[in-house]
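Dear colleague,

I am handing over the structure below, and after it you will find my notes on what turned up when I went through it. Please read them with the coordinates open beside you.

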Amino acid sequence: MTTVKCVVWDLDNTLWKGTLLEGDDVVVDDRVFQTVVGLDARGILQAVASKNDHGPAWERLEELGVAEYFVHARIGWGPKSSSVREIADELRFAHDTIAFVDDQPAERAEVAFHLPQVRCYPAEAAPDLLGLAEFTPASVTVDSRRRREMYQANVRRQAEQESFDGPSQEFLRSLDLVMQIGRASAGDLSRMEELTLRTSQMNATGVHYSDADLRALLDDADHEVLAVTMSDRFGSHGAVGVALLERGERVWHLKLLATSCRVVSFGAGATVLNWLVDEAAAAGVHLVADFRATSRNRIMEVAYRFAGFTDEDCACLAVLTPPPAQAQGGPTQRLHLTPSSRPAPDTLRLDAVRLAAT
């Protein structure tokens with residue numbers, strides 16, 4: 001079962017008891033509040049979709065001390081399905097990772113009709129959500145516990161970008177972006193596994209690597225498990241990427257590259273690929289990257305092609321272990337590149353391990 005990434009709450013008689021516009025002194029039940037806090041601690045984002053007047057409703061959320069837990073609020077008089085769709089689009093989350101909680105059967109039915117992959121729950125189920133498997137991530141990392149804060153920082157970042165008067169490249173330089181690429185430690189593996197699970201648009205194969213899989217690669221001298229982190233003047237983005245690389249004498253094999261959708265606009269994937277190409281050029285080896293098409297990762301194939309990977313046949317492909325058969329999805333393609341040196345990025349500072357020298 002796909003883990004829920006975001007819970008969208010109705011307000012009246014759902015998040016709080018009572019109806020605001022009818023003058024009720026609305027309050028949040030203690031068990032519902034514990035659910036909100038617990039979801040936040042697990043790295044599950046939360047938002048509001050409510051038919052209410054926005055100003056008074058948001059003011060009441062602030063008075064109740066719960067406004068800080070919501071990364072988006074769609075409070076107005078349009079269809080709930082439109083609000084939920086907008087929230088999913090803003091977060092770049094697939095609909096099957098969204099849960100919607102509402103006391104009204106008609107509202108749940110309207111959302112289910114227009115967004116059939118969104119999971120809908122009645123208000124009375126709210127106190128028990130933490131006990132359901134779909135609200136229980138396989139692991140809770142340092143990054144997942146602060147996921148909401150990172151998204152809220154991103155909202156401030158986007159607001160500044162919208163008011164920035166100048167080219168997008170200049171805005172990126174103004175952020176004082178820093179990317180670090182280093183060898184993952186055992187303590188990083190839970191977040192690396194999470195990235196292979198949660199990332200869909202920027203995942204080159206869609207293959208899940210478990211903690212045990214990653215630990216085995218970490219202990220293999222021929223493999224590199226590379227962790228990518230980013231920060232800027234608004235704060236840390238946390239771990240935003242993972243690359244799994246097998247290094248041979250003639251060819252380096254990039255088995256997986258996955259980066260968070262949150263850093264797509266910063267060119268994170270392209271930066272990692274160009275760095276890797278440059279390292280391979282310095283080592284005098286060819287690069288081969290695995291790509292397996294999914295329903296959501298077309299953008300990743302574009303990134304590989306833009307970086308110079310092609311369908312070119314090369315003798316180096318013969319030394320690689322054949323790709324494993326997939327239970328579902330398309331076949332794994334082997335994309336090839338003969339590396340040449342690449343310039344350093346000009347919109348961020350890159351602090352990366354040297355692979356070619358070791």
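Leaving aside its neighbours within four places in sequence, which residues is Y304 in contact with? Before the answer, please keep in mind that this is a predicted model. With those neighbours set aside, Y304 is in contact with A204, L254, L257, L273, A289, D290, F291, F309 and L335. Y304 also belongs to the largest nonpolar core, which has 39 residues, and it is listed with M230, L254, L287 and F309 as the members that touch the most others in that core. Helix α10, spanning residues 268–283, supplies the largest share of this core, namely 7 residues. Another core lies apart from it and holds 29 residues, including W9, L11, V32 and L129.

H253 sits in strand β9, which runs over residues 251–259, and its relative accessibility is 4%, under the 20% cut-off, so H253 counts as buried. If residues up to four places away in sequence are not counted, H253 touches L244, L245, E246, V288, D290, L320 and R334. As for G269, which is 16 residues from H253 along the chain, the C-alpha atoms of the two are separated by 17 Å.

Turning to the sheet, there is an open one of 5 strands, paired in parallel and ordered β3-β2-β1-β4-β5. Its edges are formed by β3 (72–76) and β5 (119–122), and because each of these has a single partner strand, one side of each is left without a neighbour in the sheet. From one strand to the next, the twist averages 20°. Within this sheet, strand β1 (residues 6–9) pairs with strand β4 (residues 98–102) in the parallel sense over 4 bridges, and W9 has V101 as its bridge partner in β4. W9 is also among the residues of the 29-residue core mentioned above.

For the chain as a whole, the secondary structure comes to 11 helices and 12 strands, and 48% of the 358 residues count as buried. The radius of gyration is 22 Å, which agrees with the value near 21 Å that a compact globule of 358 residues would have, while the C-alpha atoms fill a box of roughly 75 × 50 × 35 Å along the principal axes. Among contacts between residues at least 6 apart in sequence, 72% join residues at least 24 apart.

With best regards

Definitions and conventions
Residues are numbered from 1 along each chain as its sequence is written. This is a predicted model: local features need pLDDT of at least 70, side-chain atom pairs count only at pLDDT 80 or more; totals for chains, interfaces and linings use all residues. Side-chain values use heavy atoms; hydrogens and water are left out. Helices (H or I, at least four residues) and strands (E, at least two) are DSSP runs, numbered from the N terminus. Buried means under 20% relative accessible area, exposed over 50%, partly exposed in between (1.4 Å probe, protein chains only). Contact means heavy atoms within 4.5 Å. A nonpolar core is a set of buried Ala, Val, Leu, Ile, Met, Phe, Trp, Tyr and Cys residues joined through side-chain atoms within 4.5 Å. Two strands pair if DSSP finds at least two bridges between them. Axes are lines fitted to C-alpha atoms, for helices over the stretch in contact, and angles run from 0 to 180 degrees between N-to-C directions. The radius of gyration is taken over C-alpha atoms; the globule rule is 2.2 Å times the number of residues to the power 0.38.
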